[in-house]
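Me: I'd like to learn how to read a helix and a few charged pairs in a model. Could you walk me through it?

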Amino acid sequence: MVDPRFSWGVTRVTPRQFARHIKFLIDHHFAIQTISDYLTSPGTDNRRVAITFDDGYESVYTYVLPVLQKYCVPASVFVNPAYVGQFNTWDVNIGRRFRHMNWSQIAELRANGWEIGSHGMQHRDLTRLSAPAIERELALSSALLEKKIGFCSSVFSYPFGNTNNVVIDVVRKLNYKYGLSMGMFNKNLSLQYAINRTGIYLFDHLYFFRFKVYGQLRFLFRLMQQVMDRCSDVTVLCRFNKWTVD
């Protein structure tokens, strides 16, 4: 999220932080692309970044869109159609709940050149579902995106960043070209379907953001990312018994 409101997690930045991060990229002549453009037009130029958002919180529309409009650059957002326009009751959250974007807001992002993709239907950990259940999650999600906004990216973002070979087989079967993860460094997984991203968090002030952008201190940030991902699995453990696992 990019949100000024307090939450117990650190998986967000403030609007002020985000604006500073984007200005840094622009001032240092980075090309900002959608994730599809980044992945399908590889080059030797290391001054390219793709900005992605999972979950599709309303704060993306409120605080991110105006900043990126200012610089005429896009981003990619991966949404859960079951929670469009709803609060994030899928998450274990003490205190405040956060609303997801509605279909009109998502369509406006698309009209501004953003890439819209699937993050699963109900934000369930796909690694804990059977192959038929995974396929239903993905097929229904992409069908709703096509129906509502006329587009669904060929890049899939795994809920909680979790994947395995069973999930990847389904993602490939449904003709997705790439899969996005977080903190997954399993050499037995297809690199094309377990692409790691660099998370940007509340503690990433400009000093640390600079290191991440230039790929410095990778071991430290990789370790921190793995810790963050394990923390996110608290939701998985708490919600697992409420999910259908058929």
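Predicted model: local features only at pLDDT ≥ 70, side-chain atom pairs only at ≥ 80, totals over all residues.

Me: Which residues of helix α4 are buried?

Reply: Buried means under 20% relative accessible area, exposed over 50%, and partly exposed in between (1.4 Å probe, protein chains only). Helices (H or I, at least four residues) and strands (E, at least two) are DSSP runs, numbered from the N terminus. In α4, which spans residues 103–111, the buried ones are Gln105, Ile106 and Leu109. They sit on the same side of α4 because they cover an arc of only 100° around the axis, taking directions from the helix axis to the C-beta atoms.

Me: And what's on the face turned away from that buried side?

Reply: Ser104 and Ala111, both exposed. The buried residues are covered by elements including α3 (58–71), β4 (76–79), β5 (115–118) and α5 (131–149), with contact meaning heavy atoms within 4.5 Å.

Me: What happens at the start of α4 and just after it?

Reply: At the start, Asn102 brings a side-chain oxygen to within 3.1 Å of Ser104's backbone nitrogen. Just after α4, Gly113 has a positive phi of about 90°.

Me: Now the charged pairs. How many salt bridges are there?

Reply: Side chains of opposite charge can pair when their charged atoms come close. The cut-off here is a side-chain nitrogen of Lys or Arg within 4 Å of a carboxyl oxygen of Asp or Glu. By that rule, the structure has 8.

One of them joins Asp54 and Arg197, with the closest N and O atoms 3.0 Å apart. That pair links distant parts of the chain, 143 residues apart: Asp54 is in strand β3 (residues 52–55), Arg197 in the loop between β8 (195–196) and α7 (206–213). Asp54 is partly exposed at 22%, while Arg197 is buried at 13%.

Me: Where do Glu137 and Arg124 lie?

Reply: Their side chains meet in a salt bridge at 3.2 Å, N to O. Glu137 is in helix α5 and Arg124 in the loop between β5 and α5, so the pair ties together parts 13 residues apart in sequence. Glu137 is buried at 3% relative accessibility, and Arg124 is buried at 8%.

Methods. Residues numbered from 1 in each chain as written. Heavy atoms only, no water. Polar contact = N/O pair within 3.5 Å; in protein donor to acceptor, adjacent residues only side chain to side chain.
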